[in-house]
Amino acid sequence: MDSPPLYRKLAAHYIDAIGAGALKPGDRLPSLRSLMRMHDISLSTALQLCRAMESEGWVEARDRSGYFVKRPRRLAIAAMEEPATHVAPDPAQYVGIHAKVSDFVARRRQGEVRIDFSTARGSPELYPGEALRTIMMRLLRQKPLLLTTAAPSRSLNPLREAAARRGLRVGMTLSPDEVLTTNGCIEALNLALRAVAQPGDTVAVESPTFYGLLQVLESLGMRALEIPTSPQTGLSIEALEMALDAYDNIKAVVTVPHLQNPLGSVMPDAHKEHLVALCERHGVALIEDDTYSELLDMDTPPRAIKSWDRSGNVIHCASLHKILAPGLRLGWISAGRWHSRVEMLKYTQTRSNEELSQWAAGEYMNTGAFDRHLRRLRERLRQQREQAADAIAAHFPSGTRLTYPPGGLQLWVELPDRLSSMTVFDLALRDRIFVAPGTLFSNSSRFDHYLRLNCGWPITETIEGGLRRLGEIASECVAMQRKAA
């Protein structure tokens, strides 16, 4: 496995020193000559080290004096508070989100969007399009009937094999036969929910949660019971336990343990183990959406929740949509003791996925190029998140909060004075800037003063200008609110 460049390793060393307080704002970084001597590196590597830290906001260059430590603006923003977990959850709801999402989509289509901060997706140049095209062309030469032959319903292909093999890295022992390909993770979640619950049943979800999941539940006639979720550690196990004791018709729990959407939280291993045991004890299916774990700022993602599963009670869902190729819409599901039922539901709903994309993605995943791509992707996203967070700190009104996630595509921003995100949404749309208002991420109104902002696109002058304009809009609205109070 390739390691990061030497200058990045050394930059990480000095960034850790700043974080630990060994180097404080205003301290001078060792000179280029000193860096060369201390680390036995070339002048070029020493310059790369310093310029990387400068571009990320850790140091600033002073003419004829060297590089000096500064405090990145994003570190000055207060983190979000933890949710209350000792109160009973709101009653589960059937409806509420579909109309809001439909209005959101319709308004986006009313005119050309100049800057789109609403989607959780990377820009096309972040993905290995040329490599995938080359593989597909070779496959079509080798298998000329691939596009004109119906895909067999239970075919083994490189994608299923790659998913099973990579599952070993996160503690799962799966055979390719236990992996069922789906049209993205959203179909996997649909299948999982249909397998374990019926219309009228209650499903516990994180709060806030991805609005697509709330849409799925509403379309299936199921109730969403929102469980408080920490921006640091994810779903509150304590609050879920209270809900399981209070309600007798909870059929499933859905959680995103790594880089939860939209919070960006990461569930500790001890919580995952507790969650598996809790759901097993109550006879409740546990559905794991593991879409984002490969985007964590680490070479090896943490253990999957399913790695603690000993009875088949955990359904594992994953996707390549965010990490390899958004255009392929490839995901998969390992449904445990519901495998046969999910397989039949898949057959009745969409039949088999087409084969070309599965072969191409699977072959690419089985090479070292995939891990090299993931390292590059994580590094680019880290830089873009840092730049976006610095822009928010510079341009948004005082009192703005955010929790900086250890990876991923987005930032969850809390607006001061409970400023309505729909107000910001409406005003930003006039400037053809599109954001995802917090009201989409819950059936309640408790997240109306939040925004989810995508960081998947390079921070160009246009993107920087869009964040600046959002900050101006929020500042103007806060000032008007305070004047009227």
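1. β9 and β10 (residues 314–319) pair in the parallel sense, with 4 bridges between them; pairing here requires at least two DSSP bridges between two strands. Strands are DSSP E runs of at least two residues, helices are H or I runs of at least four, and both are numbered from the N terminus.

2. A word on the source: this is a predicted model, where local features need pLDDT of at least 70, side-chain atom pairs count only at pLDDT 80 or more, and totals for chains, interfaces and linings use all residues. Residues are numbered from 1 along each chain as its sequence is written, and side-chain values use heavy atoms, with hydrogens and water left out.

3. On its other pairing, β9 runs parallel to β8 (residues 250–255), joined by 4 bridges. Here valine 253 stands opposite leucine 286 of β9. Together with helix α10 (residues 269–282), β8 and β9 form a right-handed β-α-β unit; right-handed means that, with the strands pointing away from the viewer, the path from the first strand over the helix to the second runs clockwise.

4. How well is β9 (residues 285–289) covered? Of its 5 residues, 5 are buried, meaning under 20% relative accessible area with a 1.4 Å probe and protein chains only (exposed is over 50%, partly exposed in between). Ala285, Ile287 and Asp289 are buried on one side, and Leu286 and Glu288 on the other.

5. Now for the largest nonpolar core: it has 73 residues, and Leu193, Ile287, Ile333 and Leu453 have the most contacts inside it. Helix α7 (residues 184–196) gives the largest share, 8 residues. Such a core is a set of buried Ala, Val, Leu, Ile, Met, Phe, Trp, Tyr and Cys residues joined through side-chain atoms within 4.5 Å. A separate core of 40 residues includes Ala162, Val256, Ala304 and Trp332.

6. Leaving aside residues up to four places away in sequence, isoleucine 333 touches several residues, including Leu180, Ala188, Leu191, Ile315 and Val342. Contact means heavy atoms within 4.5 Å.

7. Helix α11 (residues 339–349) has His339, Val342, Glu343, Leu345 and Lys346 buried. These cover an arc of only 165° around the axis, so they lie on the same side of α11; the arc is taken from the directions from the helix axis to the C-beta atoms. They pack against β4 (180–183), α7 and β11 (330–334). Just after α11, arginine 351 takes a positive phi of about 60°.

8. Finally, histidine 449 lies in the loop between β15 (436–437) and β16 (450–454). Histidine 449 counts as buried because its relative accessibility is 5%.
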